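Me: I have a protein model open and would like to go through it piece by piece. Can you take my questions as they come?

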Amino acid sequence: MRLIRLKPRSTAALIVASLVGVLAFAWPLFFQTSQASESAIGHTTDAPWLFVLLLPLLVGVVLAELSESGIDAKVISLVGMLAAVGAALRALGPGTAGLEPGFFLLVLAGRAFGAGFGFVLGAVSLLGGALISGGVGPWMPFQMFACAWVGCLAGLLPRLGGRLELLLLAAYSIVSGVLYGVVMNMWFWPYATFGSDFSYIPGDALADNLHRYFLFVVATSLGWDIPRGILSAVLVLLLGRPILNAFRRTARKAAFEAPVIFEPGRADG
């Protein structure tokens, strides 16, 4: 059962939001950017505007579902509760050595409640975690997009049951944990210099820059990304079944998307 179903309007809102995220990450590959030193930080000027743009996009996903009766107050309250849990988990392990326990919750919630729910939860929980742990900076809106995609894609995985479902989610946790780091490196990589073999070269062929980016990822961030994925997979295997059952039981008891029917009253006398 899914709390936020991908109906036409919400699908369009998710596509628009994701396209904005892709453009935010990828535009330096296609336009000239100024480079500085190894300590350079990119997107310091456009990140605040991206954050300002992201919030209405998230609201647009929710409003699209409200207009199609795919979301109600019960769903919004559940998003808030799980976002608080995700933020607390992020505060427990704010990326130290890549160990971020909050990722497995995004995977399970996206799986149980659907892609739309996972997208909103990923962005909101990252925002809450950043505020708690003091991780607010120009990287935050990019992290919000990346976490939103982790939760969203979990809701689009093939339908399986039993042990196969947990194995699928564990495999996805490893892949998404690594890809999260690969994507996040792009927020600063075009702006810094790490030697001619690892740095972005403005005006060079896209294939050559992507090759240097691949070498940079292998040489630097995989040591953080792989532990992130492994931790998420282990937590999914250990806790996935009871948490998925609890999520689905909550959805059934709350009767999400069940229509409210009022029976006509009978006059006495």
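Me: Which helix gives the largest share of the lining of the second largest pocket?
Reply: H7 does, with six residues. Helices here are DSSP runs of H or I with at least four residues, strands are runs of E with at least two, and both are numbered from the N terminus. A pocket is found on a 1 Å grid over the protein atoms alone, as an open set of points with protein on both sides within 12 Å along at least five of seven lines; a cavity is a set where a 1.4 Å probe fits but cannot get out, and lining residues have an atom within 4 Å of a point.

Me: Which residues line the second largest pocket?
Reply: Ala146, Trp149, Val150, Leu153, Tyr172, Val175, Ser176, Leu179, Tyr180 and Val183. Two or more of the lining residues come from each of helix H6 (140-154) and helix H7 (162-184).

Me: What classes are they, and what is the volume of the second largest pocket?
Reply: By class there are nine nonpolar residues, one polar and no charged ones. Ala, Val, Leu, Ile, Met, Phe, Trp, Tyr, Cys and Pro count as nonpolar, Asp, Glu, Lys and Arg as charged, and the others, Gly among them, as polar. The volume is about 200 Å³, taken as the space filled by probe spheres set on grid points that are joined across faces, edges and corners.

Me: Before I go on, what kind of model is this, and how are residues numbered?
Reply: It is a predicted model, where local features need pLDDT of at least 70 and side-chain atom pairs count only at pLDDT 80 or more, while totals for chains, interfaces and linings use all residues. Residues are numbered from 1 along each chain as its sequence is written, and side-chain values use heavy atoms, with hydrogens and water left out.

Me: OK, the overall picture. How many helices and strands are there?
Reply: Nine helices and zero strands. Of the 269 residues, 47% count as buried. Buried means under 20% relative accessible area, exposed means over 50%, and partly exposed lies in between (1.4 Å probe, protein chains only).

Me: How many cavities of 30 Å³ or more does it have?
Reply: One. About 120 Å³ of space lies in the largest cavity, and its lining includes Leu82, Arg90, Glu100, Phe103 and Cys147. Helix H3 (73-92), H4 and H5 each give two or more residues to that lining, with the largest share, four residues, coming from H4.

Me: And by class, what is in the lining of the largest cavity?
Reply: Six nonpolar, four polar and two charged residues.

Me: Switching topic. How many salt bridges are there?
Reply: Five. A salt bridge is a side-chain nitrogen of Lys or Arg within 4 Å of a carboxyl oxygen of Asp or Glu.

Me: Which side chain does Glu165 meet at 2.9 Å?
Reply: That of Arg111, N to O. Glu165 lies in helix H7 and Arg111 in helix H4 (residues 102-113), so the pair ties together parts that are 54 residues apart in sequence.

Me: Are Glu165 and Arg111 buried or exposed?
Reply: Glu165 is buried at 2% relative accessibility, and Arg111 is buried at 10%.

Me: What about Glu165 and Arg241?
Reply: Their side chains also meet in a salt bridge, at 3.2 Å, N to O. This pair links distant parts of the chain, with Glu165 in helix H7 and Arg241 in helix H9, 76 residues apart. Arg241 is partly exposed, at 23%.

Me: And where does Asp225 sit relative to Arg228?
Reply: Both lie in helix H9, three residues apart, about one turn of the helix. Salt bridges that share partners also join Arg111, Glu165, Arg241 and Arg248 into one network.

Me: How far apart are the N and O atoms of Asp225 and Arg228?
Reply: The closest ones are 3.0 Å apart, in a salt bridge. Asp225 is buried at 2%, and Arg228 is buried at 6%.

Me: Last one, Ala130. Where is it?
Reply: Ala130 is in helix H5 (residues 115-133) and is buried, with a relative accessible area of 0%. Its C-alpha atom is 7.6 Å from that of Ala87, a residue 43 positions away along the chain.
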